[in-house]
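Please look over the sequence and the structure shown here before reading on. A short briefing for a new reader comes after them.

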Amino acid sequence: MNNLNLTILMPCLNEEGNIAFSIGQAQSYLSSINDRFNQIGEILIVDNNSTDNSAAIAKGCGARVVSELRPGYGRALRTGLRKARGEVIIFGDCDSTYDFSNLDPIYSPLAENRYDFVTGDRFAGQMEDGAMSWSHKLGVPFLSWCGRVKFGVKIHDWHCGIRGIRKDASEKCEFKTTGMEFATEMIAEASRKDLRIGEVSVPLKKAQRVRTEKLRTVRDGFRHLWYIITA
């Protein structure tokens, strides 16, 4: 189906315990914008070579599933951005920590063409106890400060996992990173391409079910920092 208003994109690596919950929330939101605005959308899962039943569960829930066999968060999202059919693309982790049932704060300014790129700020929103480790509560503000100094973009939370971008704006960007540092590169590249950048508060919750943590605090932190230093 072409000419969709919205693609809700979720990169996925072994999330069989939580993916159905996140897809259910996304389906609820798509029904909402259809009822309110007669706008239509899709749910796109990029399976990053999962070894569990994530892909089968996603298909069973009615999502469109594509594969990216090469490892890496950045690779999965770059594939998803290329494959997305919506005029607006909102992406977030399918681990139930982000609320896909109410995407208006991100979707509306993009759909109304007031911004090209909108990212979330978890620190300005409601953060459930235990949803973010203390190491990340310290590391993310520091790396975000580094990003603001280097690239001159006044974003407070450079690593928030839920964001939106207009399809035409994403096609102007030249993304190259493959790992978690993609989150930093996306803001830097949006600035380089003179995109209209917005930031909104978003809630962050603990995962519904126990999951394997994908982030490696020290390794991924240094990848972000290295990108900031060398970009």
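This is a predicted model: local features need pLDDT of at least 70, side-chain atom pairs count only at pLDDT 80 or more; totals for chains, interfaces and linings use all residues.

Residues are numbered from 1 along each chain as its sequence is written, and side-chain values use heavy atoms, with hydrogens and water left out.

**Helix α1**
- Helix α1, residues 19-37, has 19 residues and reaches 27 Å from its first C-alpha to its last, close to the 27 Å expected at 1.5 Å a residue (the expected span is 1.5 Å times one less than the number of residues; helices are DSSP runs of H or I with at least four residues, strands runs of E with at least two, numbered from the N terminus).
- In α1, the residues I19, S22, I23, Q25, A26, Y29, L30 and I33 are buried (buried means under 20% relative accessible area, exposed over 50%, and partly exposed in between, with a 1.4 Å probe and protein chains only).
- These residues lie on the same side of α1, because they cover an arc of only 160° around the axis (the arc is that of the directions from the helix axis to the C-beta atoms).
- The buried residues of α1 pack against β1 (4-12), β2 (41-47), α2 (54-60) and α4 (104-111), where contact means heavy atoms within 4.5 Å.

**Asparagines with positive phi**
- Most residues other than glycine have a negative phi.
- N38, which follows α1 and sits in the loop between α1 and β2, has a positive phi near 60°, and N38 counts as exposed at 64% relative accessibility.
- N113, in the loop between α4 and β5 (117-121), has a positive phi of about 60° although it is not a glycine, and N113 is partly exposed, with a relative accessible area of 38%.
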